[in-house]
Amino acid sequence: MAKMRKSRTSNIKDAEIDFRVLRFTSHDNAFLSAVGRHSQESRWLVEVIGKPEPVDICVTVDKAIMGSPEVHVSCKGEQVFPTDSHQKAKLVNDFYWRWPFRGTVRGLLVPDAYEVLPEHSVKEQWLSATLSQQTEDGFFKATVKMPAVGGGFKSVELPVVRASNIRDAKTHMPLVVPECELVLEVPVQNPLHPTLRAARAGGRGGPDEQLVTHLFARRTPAPPQGLTGPRAEDPRVTFQVSKDRTKVNASVGYSRLKHFLTGEVRAVRRETESRLKKWWRFQIGPFAEHIVQVEKKSKSAADKTITLTVDGEVLCEAKAEDIESREDWWECHFRFMGERYLDWNVHTCNSDGVPLDAMGNVVQRTAFAHFCSVSFVEDISEATLYIDNREYADFPDAREPMSTEPTEWTPEALGASFGLMVPHKIDPDAPTGLGAVLANSLGGGRGGLFGMFGCCAPSEASVQKDDIVAGVDAAAETNEITATKTEH
């Protein structure tokens, strides 16, 4: 791999990425005595999307012997250099360590973004498909639209689909699962400045390769049990739609729903505690609150290490040159990344659009990212926080919603007020035409003899058949990726 120039955090613009640096620290004995009198330690905690645990990478350099520093490298607690039993060794050449992994394809849960060729089809027929999951072994789960008996289509879930049987719905280009790798470089000429890069090759809709040194990111809402604990529940709003589709009840009122859909950042409070410490508290949407704090822990003028914490957890602890700050500045770029959901509980309908008694669920997912930076020249009390290129002082203040806000809407009012369109959920196997009329008139939708003799009618099935979704949400906002799926 060709040697690359370091790139700043903000180089990758996707709202969905394959990896994120949860924490980076660069310490020497002036800041942390535990690293040794003449040692320097650089450490990264990297989350790879789809992997159960983050990767902890540590490089320690012993500078006791001038001109011949010795190096120790570990990954997830296991020594990777030196390769023998020694605890540290002098570098003879540049040291590279690579950890390959499969990247995440773009377009998961996006309706009909792909086409699937069934494994044992009689003739070659590509079917419109929605990829619902990418498994760790490189296979996919997909919901495909198969031709139904009597016309129309039936949605069928395929639990295992090979990547070679998937292609892009628009371009018909075969799906390429991106191959990614983390690359650690410790240069022999300057082992005190190791770099960690992440490369991504291939994939739908992206460049062949993307490289970064520090891609700092945190989830929103914050994990309740810390960085390595389970993720917080994703924010969601639920809608109950009446059978005649004239009324929609939301789980929140007007202002919360508006705030939820826009994901607007709102200021809560900021505080300058001293020339060495400052923090900001703010909301991202109505269900997530965060605190960003910048601090110089050492009072020594010689030590230039600055600590940036997010929600009480260190994000970056390093000098300006360690994170490629602008000249004369300390500057750290990072992002908040999350997902929000709209849950629609609707009555299914047949292919004629006639509503049925059976209920179904339509889920609309939006992935989003907010780009942030904290920077100052010399005095931390003058530090500024920017979110999406907007200074903290310019954000509106957080406010409590009114308790009397309406939660019941008509579909037309939802569209006019929020740009939302109530989705449909179609059951292609439900009776149509005269059969539907008989079913509705003879037993409230059960039909046939069971409709005429209600006491003999079987109970309604608790699990609904696969079906098709129509009439999905409007376009997504900037830095957002929207998808819709059904659940049964």
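Guide: Welcome! The model is predicted, so local features need pLDDT of at least 70 and side-chain atom pairs count only at pLDDT 80 or more, whereas totals for chains, interfaces and linings use all residues. Residues are numbered from 1 along each chain as its sequence is written, and side-chain values use heavy atoms, with hydrogens and water left out.

Visitor: What is the mean pLDDT of the protein?

Guide: The mean is 80, and 80% of the residues reach 70 or more; pLDDT is the predictor's confidence in each residue, from 0 to 100. Over residues 1–13 the value is below 50, and this stretch has 43 contacts in the model beyond near neighbours in sequence. Residues 202–211 are also below 50, with 28 such contacts.

Visitor: How many helices and strands does the protein have?

Guide: There are four helices and 30 strands. Of the 488 residues, 48% count as buried.

Visitor: Why does aspartate 168 count as buried?

Guide: Buried means under 20% relative accessible area, exposed over 50%, and partly exposed in between (1.4 Å probe, protein chains only). Aspartate 168 has 9% relative accessibility, so this residue counts as buried. Aspartate 168 lies in strand β12 (residues 166–168), and a polar atom of its side chain is 2.9 Å from the backbone nitrogen of threonine 171.

Visitor: Why does glutamate 136 count as exposed?

Guide: Its relative accessibility is 51%, and therefore glutamate 136 counts as exposed. Glutamate 136 sits in the loop between β9 (127–134) and β10 (140–147). Leaving aside residues up to four places away in sequence, glutamate 136 touches Gly50, Lys51 and Arg102.

Visitor: Which residue of β11 stands opposite phenylalanine 140?

Guide: That is valine 161. Strand β11 (residues 153–161) pairs with β10 in the antiparallel sense over seven bridges.

Visitor: Which residues of helix α2 are buried?

Guide: In α2 (residues 411–418), the buried residues include Pro411, Leu414 and Phe418. They cover an arc of only 65° around the axis, so they lie on the same side of α2; the arc is that of the directions from the helix axis to the C-beta atoms. An α-helix has 3.6 residues a turn, so residues three or four places apart point the same way.

Visitor: What do the buried residues of α2 pack against?

Guide: They pack against β16 (236–241), β17 (248–250), α1 (254–262), β23 (330–349) and β27 (408–409). On the other side of α2, Glu412 and Ala416 are exposed. Glycine 419 follows α2, and its phi is positive, near 75°.

Conventions. Contact = heavy atoms within 4.5 Å. Helix = DSSP H or I, 4+ residues; strand = E, 2+ residues; numbered from the N terminus. Polar contact = N/O pair within 3.5 Å; in protein donor to acceptor, adjacent residues only side chain to side chain. Pairing = 2+ DSSP bridges.
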